[in-house]
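Please have the viewer open as you read.

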Amino acid sequence: SVFRYDPTANDGQGSVTPINITDKHPLYLHLIGGQLWAQLIEGGYYRFNGHDYVRAIHPSIYGNSRIVAGFLLRTTGDMLLCTENAALFLHRPASGLTIPYRTSIDEQLRHASINRAVITRDSTLVIGTIRDGIYGLDLNGKLLWHYNVADGLVNNSVLNLFCDADN
């Protein structure tokens, strides 16, 4: 479910209003470049226009996987999208084109099942997986580092990632 919060309503007390969209159900929500995007349970990646979800990418384009994270690449205005089992994709909102974003570890990422991702201040793409720990890549797709249980992680499932003020 999606709700709209208005902090100025009710004499500054605020109000929460549900946005009722009965036929589309978000699984993941991503704020990318000031826009709200959603991976729907029913499949497909959608942009939220304030009232409804508008399909932007058909799931067959990204391997019928789920998009679990997305980022705006400020240098190009493109979106970098991380999928659970189909690795990474680059989406160009202006043209609607979505293409694979090749890395040096595409096969490893497909097998590892991406669960979360963040980009640090130094432009390292940090990818947490369900099956093989955590990876760090530069934005050209080159592996910088990889840690899993063999390196001391308690288990290989990374359930969340967060960049603090220093990262």
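## A histidine in a strand

His-30 sits in strand β3, which spans residues 26-32; strands here are DSSP E runs of at least two residues, numbered from the N terminus. This is a predicted model, in which local features need pLDDT of at least 70, side-chain atom pairs count only at pLDDT 80 or more, and totals for chains, interfaces and linings use all residues. Residues are numbered from 1 along each chain as its sequence is written, and side-chain values use heavy atoms, with hydrogens and water left out.

Is His-30 buried or exposed? His-30 has a relative accessible area of 9%, so it is buried (buried is under 20%, exposed over 50%, partly exposed in between, with a 1.4 Å probe and protein chains only). Its side chain comes to 3.0 Å from the backbone oxygen of Val-68. Setting aside residues up to four places away in sequence, His-30 touches Gln-35, Leu-36, Trp-37, Tyr-45, Ile-67, Val-68, Ala-69 and Gly-70, where contact means heavy atoms within 4.5 Å.

## Aromatic pairs

Across the whole structure, a search turns up three aromatic pairs. Rings of Phe, Tyr and Trp (its six-membered ring) pair if their centres lie within 6.5 Å; planes under 30 degrees apart count as stacked, over 60 as edge-to-face and the rest as tilted.

One of these pairs joins Trp-37 and Tyr-45, stacked at 5.7 Å centre to centre with 15 degrees between the planes. Trp-37 and Tyr-45 are both buried, and both are among the residues that His-30 touches. Phe-48 and Tyr-53 make a tilted pair, 5.2 Å centre to centre and 55 degrees between the planes. Phe-48 and Tyr-53 are buried too.

## An exposed valine

Val-16 belongs to strand β2, residues 15-19. With a relative accessible area of 56%, Val-16 is exposed. Beyond its neighbours within four places in sequence, Val-16 is in contact with Phe-3, Arg-4 and Tyr-5. Val-16 and Arg-4 are twelve residues apart in sequence, yet their C-alpha atoms are 5.6 Å apart.

## Who lines the largest pocket?

By class, the lining of the largest pocket has nine nonpolar, five polar and one charged residues (Ala, Val, Leu, Ile, Met, Phe, Trp, Tyr, Cys and Pro count as nonpolar, Asp, Glu, Lys and Arg as charged, and the others, Gly among them, as polar). The largest share of that lining, four residues, comes from β7.

Technical notes:
A polar contact is a pair of N or O atoms within 3.5 Å; within protein, one must be able to donate a hydrogen and the other to accept it, and residues adjacent in sequence count only if both atoms are side-chain atoms.
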